[in-house]
Amino acid sequence: MIVCTEGEWAPELPPAVPAVEIYKWYRSSLPPNSHEALVREYVTSASGPGLHPATLDRLVEPWLGKDGQPAFYRQIAQADQRFTDEIQGRYGEITLPVLVCWGEDDTWIPVAKAHELASCISSAQLRLFPGAGHLVQEDTPAELTEALLSFLQP
């Protein structure tokens with residue numbers, strides 16, 4: 001089973017935050033408070049309806065501080081379409097049942113990619129979540145849970 005609710009399948013960055021620019025900011029030692037504001041905006045852009053403040057805090061926290069700040073920029077600088085391209089041709093080999101879960105309002109990776117992914121896997125079912133962005137698990141947790149339970153029940 002593959003459940004894609006994050007960017008594992010297509011690691012493109014949201015158009016509003018080009019990797020080169022973010023990496024330049026890090027390389028120029030962005031002050032911690034500016035870095036936190038940038039990360040908050042970045043994470044917020046992944047949600048369709050917006051995140052509860054406590055959820056936003058939880059998602060931002062690992063990317064702050066002495067270790068988190070450089071890790072944030074490293075993971076963005078390492079996002080590269082070639083990693084997807086390397087394995088995409090093998091998706092057709094998957095024979096297990098697959099559920100592709102995708103937010104209809106995902107501004108990071110367009111919903112067209114969900115259709116493309118599902119079409120590459122003959123056993124795939126596609127489930128789109130209206131009102132959800134890239135963070136389906138945060139934007140529509142009850143609907144996602146229902147979809148997963150239905151998919152996993154024999």
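## Disulfides and cysteines

Under the rule that a disulfide is a pair of cysteine sulfur atoms within 2.5 Å, the count in this predicted model comes to 0 disulfides. Cys101 is buried, with a relative accessible area of 1%, whereas Cys120 is partly exposed, at 25%; buried means under 20% relative accessible area, exposed over 50%, and partly exposed in between, with a 1.4 Å probe and protein chains only.

## Nonpolar cores

A nonpolar core is a set of buried Ala, Val, Leu, Ile, Met, Phe, Trp, Tyr and Cys residues joined through side-chain atoms within 4.5 Å. The largest one holds 23 residues, of which Val43 and Phe72 touch the most other members. Two or more residues each come from helix H2 (32-44), helix H3 (53-60), helix H4 (65-77), strand E1 (98-103) and helix H6 (111-120), and H2 gives the most, with 4 residues. Helices (H or I, at least four residues) and strands (E, at least two) are DSSP runs, numbered from the N terminus.

Apart from this core lies another, of 8 residues, among them Leu99, Cys101, Leu144 and Ala147.

## Strands and crossover

E1 and strand E2 (residues 124-129) run parallel and are joined by 6 bridges, where pairing requires that DSSP finds at least two bridges between two strands. Trp102 stands opposite Leu128 in E2.

E1, H6 and E2 make a right-handed β-α-β unit; a crossover is right-handed if, with the strands pointing away from the viewer, the path from the first strand over the helix to the second runs clockwise.

## Basis of the values

Residues are numbered from 1 along each chain as its sequence is written, and side-chain values use heavy atoms, with hydrogens and water left out. In this predicted model, local features need pLDDT of at least 70 and side-chain atom pairs count only at pLDDT 80 or more, while totals for chains, interfaces and linings use all residues.
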